[in-house]
Amino acid sequence: MKILVTGAKGFIGKNLVVELKNRKYDDIFEYDMDTNPELLDEYCKEADFVFHLAGVNRPKEKSEFMEGNFGFTSTLVDTLKKYNNTCPVMISSSIQAELDNPYGESKKAGEDLLFDYSKKTGVKVLVYRFPNVFGKWCRPNYNSAVATFCNNIANDMPIKVNDPSAVMKLVYIDDVLKELINALEGKENRDEQFCEISVVHNSTLGDIVDLINSFKKSREECTIPDMSDAFIKKLYSTYLSYLPEEQFSYDLKMNVDHRGSFTEFIKTPDRGQVSVNISKPGITKGNHWHHTKNEKFLVVSGRGVIRFRKIDSDKVLEYFVSGDKMEVVDIPTGYTHNIENLGDIDMVSIMWANEPFNLEKPDTYFLEV
């Protein structure tokens with residue numbers, strides 16, 4: 001299948017092209033502002049499907065809205081007609097097509113042109129009125145509030161929110177791509193005249209800013225956002241794509257003493273805490289038990305032994321562990337336990353606890369195994 005993508009270097013176009021290639025669509029005609037206009041004839045002659053994503057968002061003059069959004073659509077349609085190419089055409093419109101402004105009017109004109117083209121020729125057209133689309137590679141400080149907030153907060157630049165209570169209707173780039181691939185395969189989500197993205201999120205500007213600020217702060221607190229919330233998960237992925245390249249990494253606080261070190265890695269309110277424990281040769285750590293707190297130990301380097309004793313018993317259990325064999329050991333409640341390094345190198349363990357450590361309620365009681 002030969003696929004024409006106009007606006008191929010734009011936000012949606014760039015993401016679409018790489019996803020089409022991921023799915024082994026190899027014959028893609030990428031058309032953008034810097035493409036030789038003569039190639040449009042060749043592309044329109046051979047295309048089996050057209051993704052028309054090109055458009056004007058922030059022109060210098062208002063007249064450019066109509067020239068870019070309606071004018072180029074007209075050129076595209078005329079070129080398809082020239083070669084009697086009746087392949088399906090998808091067009092990216094906007095929810096602003098319902099509004100009385102130059103941008104909305106130009107988008108509405110492009111829609112009407114395609115609907116008329118379909119009526120006269122029988123060509124299948126797919127008109128999507130996109131709300132605010134967010135995700136990686138969206139240009140900040142242009143026409144996307146989410147991109148601007150993510151970029152500026154990640155780069156310690158100021159942001160401006162005129163109305164924190166204003167509600168935004170948003171769709172995520174991956175959900176857009178999924179729908180566009182469905183459209184390519186003839187499985188579009190159509191609601192009467194228009195096609196739609198099935199997954200839509202609504203959030204206030206104030207809540208979006210608060211979330212992005214919490215993402216930035218999460219590094220200091222070793223926390224992870226609530227990934228069970230689909231919108232938060234997508235927004236966090238978007239935020240990370242705007243991190244300065246020299247700030248991909250960040251330090252953790254290592255609690256170091258003669259025995260080795262203990263470092264908190266990730267804390268979550270509902271999925272517990274992950275930490276890294278390093279024990280020097282011959283060192284034993286632990287000798288405590290918990291009422292409700294439970295843990296999982298995984299030795300990834302070195303070798304040692306994990307010992308257990310039920311607090312009302314004299315029987316000691318031993319589990320010998322090593323980085324040579326990935327083996328998770330559960331730490332049940334009511335058992336005092338310790339871990340000893342039996343090797344001659346540092347023993348490194350990954351430890352998970354079902355709750356973040358709370359100094360005011362540690363649920364940890366010293367008792368020798």
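Where is E192 found? E192 sits in the loop between β8 (190-191) and β9 (194-195), where helices (H or I, at least four residues) and strands (E, at least two) are DSSP runs numbered from the N terminus. Before we go further, please note that this is a predicted model, in which local features need pLDDT of at least 70, side-chain atom pairs count only at pLDDT 80 or more, and totals for chains, interfaces and linings use all residues. Residues are numbered from 1 along each chain as its sequence is written, and side-chain values use heavy atoms, with hydrogens and water left out.

Let us stay with E192 for a moment. With a relative accessible area of 73%, E192 is exposed; the term means over 50% relative accessible area, while buried means under 20% and partly exposed lies in between (1.4 Å probe, protein chains only). Most residues other than glycine have a negative phi. E192, however, has a positive phi near 55°. N141 is not a glycine either, and its phi is positive, at about 55°. You will find N141 in the loop between β6 and α5, partly exposed with a relative accessible area of 47%.

Of its 10 residues, 9 are buried, including F149, N151 and N152. The buried residues of α5 pack against β6 (132-134), β7 (167-172), α7 (205-221) and α8. Just after α5 comes D156, with a positive phi of about 55°.

Now look at how helices pack. Two packed helices are described by the angle between their axes and the distance between the axes. The axes are lines fitted to C-alpha atoms, for helices over the stretch in contact, and angles run from 0 to 180 degrees between N-to-C directions. On the α5 side, V146, C150, I153 and A154 meet L235, T238 and Y239 of α8, where contact means heavy atoms within 4.5 Å.

A second pair to find is helix α1 (residues 11-22) with α6, packed at about 60° with axes 10 Å apart. α1 and α6 are therefore oblique to each other as well. Among the residues that meet here are F11, L16 and L20 in α1 and I173, L180 and L184 in α6.

Some of these names return in the largest nonpolar core, which has 52 residues; V5, L20, F51 and L235 touch the most other members. A nonpolar core is a set of buried Ala, Val, Leu, Ile, Met, Phe, Trp, Tyr and Cys residues joined through side-chain atoms within 4.5 Å. Helix α6 (residues 173-184) gives the most to this core, with 7 residues. Leaving aside neighbours within four places in sequence, F51 is in contact with I3, L4, V5, T6, L16, L20, M90, L180 and L184. Another core lies apart from this one, with 23 residues, among them F72, L80, C87 and V125.

Finally, visit E111 in helix α4 (residues 102-121). E111 counts as buried because its relative accessibility is 0%. Not counting residues up to four places away in sequence, E111 touches S93, S94, A97, V127, R129 and F194.

Definitions and conventions:
Parallel < 35°, antiparallel > 145°, perpendicular 65-115°, else oblique.
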